[in-house]
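Here is a short report for a first look at one protein model. Please keep the sequence and the structure in view while reading.

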Amino acid sequence: KVAIKGIERELICPACKELFTHPLILPCQHNVCHKCVKEILFAFEDSFGDGGSESSNQSSPRIKLSSSSLDRIDRISRSGIKRNSLTPRSTLFPCPGCQRDIDLGERGINGLFRNFTLETIVERYRQAARAAVAIMCDFCKPPPQESTKSCLDCSASYCNECFKMHHPWGTVKAQHEYVGPTTNFRPKILMCPEHEMERVNMYCELCRRPVCHLCKLGGCHANHRVTTMSTAYKTLKEKLSKDIEYLISKESQVKAHITQLDLLLKETECNSERAKEEASQRFEKLFHVLEEKKSAALLAIEASKNLRLEKLQTQTEEYQGLLENNGLVGYAQEVLKETDPSCFVQTAKQLHVRIQKATESLKSFRPAAETTFEDFVVDIAKQEEVLDVLSFHSNGVEIPEINEEQSRMYNKALISWESPGKTDSADIYVLEYHKVNREEENVTWKEVEVYGKSKVISDLDDDSSYAFRVRGYKGSVCSPWSREVVMRMPPAPVFSFLFDDKCGYNSEHLLVNPRRTSVESRAGFPLLLGSERMQVGCYTTLDYIIGDAGIAKGKHFWAFRVEAYSYLVKVGVVSSDKIQKLFHNTHDTTSPRYDQDSGHDSGSEDAFFDSSQPFTLVTLGMKKFFIPTTPAAPKDPASRILPLPSCLGICLDCDKGRVGFYDAGRMKCLYECEVDCSGIMYPAFALMGGAAVHLEEAVTAKYEEYNDDI
């Protein structure tokens with residue numbers, strides 16, 4: 001048996017940090033006091049009413065919610081969740097045990113089971129803790145006597161005399177069930193909270209909770225797998241007993257682990273002190289370097305100041321000598337008093353030179369030294385940037401690597417990364433990015449914290465390149481930055497559309513998926529029948545399909561993928577007034593005589609391309625991209641054949657009347673030409689033989705969840 005005093009940790013409510021009082025079982029299988037659940041829900045409802053004001057952060061004095069729980073309440077209230085009469089009322093509860101937001105369903109707190117087993121254990125613990133405190137009889141006249149038994153049917157405690165008085169022989173009350181003195185009374189039959197008049201007699205294996213037969217027949221557990229209560233009792237009790245026996249049998253191993261943990265605690269204390277000392281030494285070294293630099297800078301400023309003061313002081317004394325009866329002027333006045341010509345000339349010549357210099361200095365006054373110390377301003381911008389990112393570098397946190405294959409730049413940017421060791425060595429990641437601009441010298445990185453291994457970024461400009469880097473954090477320890485990866489956004493806003501399975505769609509040859517994002521040509525029996533009727537050449541027509549949305553103005557971009565096994569695919573744009581010609585063009589065949597991209601030197605291909613075609617298309621197939629034959633195209637056929645990119649893009653500029661075909665992975669233009677945009681322009685595709693085209697899906701927040709699951 002486990003000592004009752006050793007399990008107090010399991011009997012404490014995670015909200016109020018006290019012993020459980022009428023605990024309720026949440027859907028996440030954690031227990032919370034009934035009163036705590038109500039108070040947390042009241043605080044949650046208040047946060048909706050106050051709109052996330054300061055009062056929403058105030059909780060009842062009874063419950064001691066952590067800051068993370070309060071943050072979750074504010075976060076949910078700010079997320080814009082609205083309830084009205086047309087939608088089922090759903091109660092969200094921030095569980096203080098697992099720190100998750102739990103959906104309590106339409107019934108809210110009324111749909112929760114009371115954990116009577118836990119309540120009984122808590123009562124036994126209380127009795128063991130207060131063994132000297134007796135439970136008094138509820139029916140004795142003052143002074144009350146000590147109770148000897150408690151009736152579970154009456155939910156009251158009695159002494160021997162009162163019990164006999166209230167449970168006389170020969171009455172129904174004489175059949176009541178009684179136990180030793182207790183304050184914990186629970187019902188003899190557990191009733192269903194959904195259907196209050198029905199007792200629970202089954203166990204839902206999916207929801208892991210008891211249910212009644214009405215819950216199984218027409219309630220929310222109708223399609224769930226259930227078992228009888230006796231079977232669930234037997235199965236769970238056997239599992240729990242086996243697990244307890246296993247843990248008890250491993251008591252020596254547990255004690256060994258405890259001893260090891262005690263050593264690790266002491267080792268952690270010692271290592272932390274050593275790490276503090278090393279960090280202090282590093283910072284002291286930085287302080288020493290800064291002090292040396294500071295002293296050198298101050299000495300340089302002081303020396304420059306003294307030199308300038310000396311020059312200015314000398315200049316001041318010189319100008320003071322120009323005053324009457326002072327200095328040079330006074331001396332000159334005394335020389336003028338000399339009457340002997342020889343002596344006067346001997347002295348006056350040198351004096352006249354000095355007087356002339358003084359006169360010139362008066363005409364062009366200029367201070368002997370500058371008063372500003374702009375040359376002594378210390379530039380610490382780069383040092384501040386370095387110190388701002390100063391943190392611990394450790395070999396324990398692996399350097400993440402940005403996965404360019406999984407990362408995408410489309411309507412938004414999806415950046416994915418992974419650890420080389422394929423392990424989650426970091427608790428959180430910091431992703432930084434900036435727009436690549438060669439003219440800017442100082443780069444300003446934008447920073448975002450990510451708890452997974454991917455992030456969707458939406459505030460990016462079209463037709464611009466961005467640099468990305470990421471680092472991992474584990475506590476205060478971080479990894480170095482990953483290698484910078486530069487990716488480019490599409491040249492124009494992304495145009496969204498689906499394949500049109502109505503207009504001209506040939507269901508015998510083409511197969512569109514239910515979401516209308518993929519089309520596949522059926523190279524099967526109908527194609528063989530069509531070819532069987534052809535005795536000379538091969539004049540099998542292409543099967544066309546267009547997008548269900550058109551473009552009237554502006555510049556737009558869309559991307560798609562062509563399967564590598566595709567034999568022949570044509571992609572481009574078509575005008576609304578020429579769609580009928582597209583689906584009924586008798587000259588659109590795959591015969592070399594009519595193929596504009598065949599390389600057959602017939603002399604009429606250019607004219608055919610410019611005048612006969614009611615649309616602009618390029619040819620793809622057999623893992624190749626074929627540049628159309630135009631006067632500006634290379635004459636050598638081999639130079640017009642490029643490898644087929646994994647993802648292709650088309651950029652249509654209706655205002656300028658131009659269409660470009662891109663390698664969407666690198667956002668590099670492969671071919672561009674003029675196009676008549678007088679009507680509404682539609683994306684156009686043509687397939688023949690075994691081929692498939694898949695539209696590129698827009699980047700949304702779901703990609704973060706998907707990649708995190710991977």
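## Basis

This is a predicted model, in which local features need pLDDT of at least 70, side-chain atom pairs count only at pLDDT 80 or more, and totals for chains, interfaces and linings use all residues. Numbering starts from 1 along each chain as its sequence is written, and side-chain values use heavy atoms, without hydrogens and water.

## The second largest pocket

The second largest pocket has a volume of about 600 Å³. A pocket here is an open set of points on a 1 Å grid over the protein atoms alone, where a 1.4 Å probe fits, with protein on both sides within 12 Å along at least five of seven lines; lining residues have an atom within 4 Å of a point. Points are joined across faces, edges and corners, and the volume is the space filled by probe spheres set on them.

Of its 24 lining residues, Ser407, Arg408, Arg561, Ala664 and Gly665 are the closest to the centre. Strand E21 gives the largest share of the lining, 3 residues. Strands are DSSP runs of at least two residues (E), helices of at least four (H or I), numbered from the N terminus. Domain 3 (401–488) and domain 4 (510–532 + 540–587 + 610–695) both contribute to the lining, so the pocket lies between them. The domain bounds come from an automatic or database assignment.

## Two backbone details

Most residues other than glycine have a negative phi, and most peptide bonds are trans. The bond from Pro142 to Pro143 is cis, with omega near -5°. Pro143 sits in the loop between helix H3 and strand E6.

Gln29 has a positive phi, near 75°. Gln29 lies in the loop between strands E1 and E2.

## A helix pair

Helices H8 (327–336) and H9 (341–363) pack at about 150°, with axes 11 Å apart.

Key:
Axes fitted to C-alpha atoms, helices over the stretch in contact; angles between N-to-C directions.
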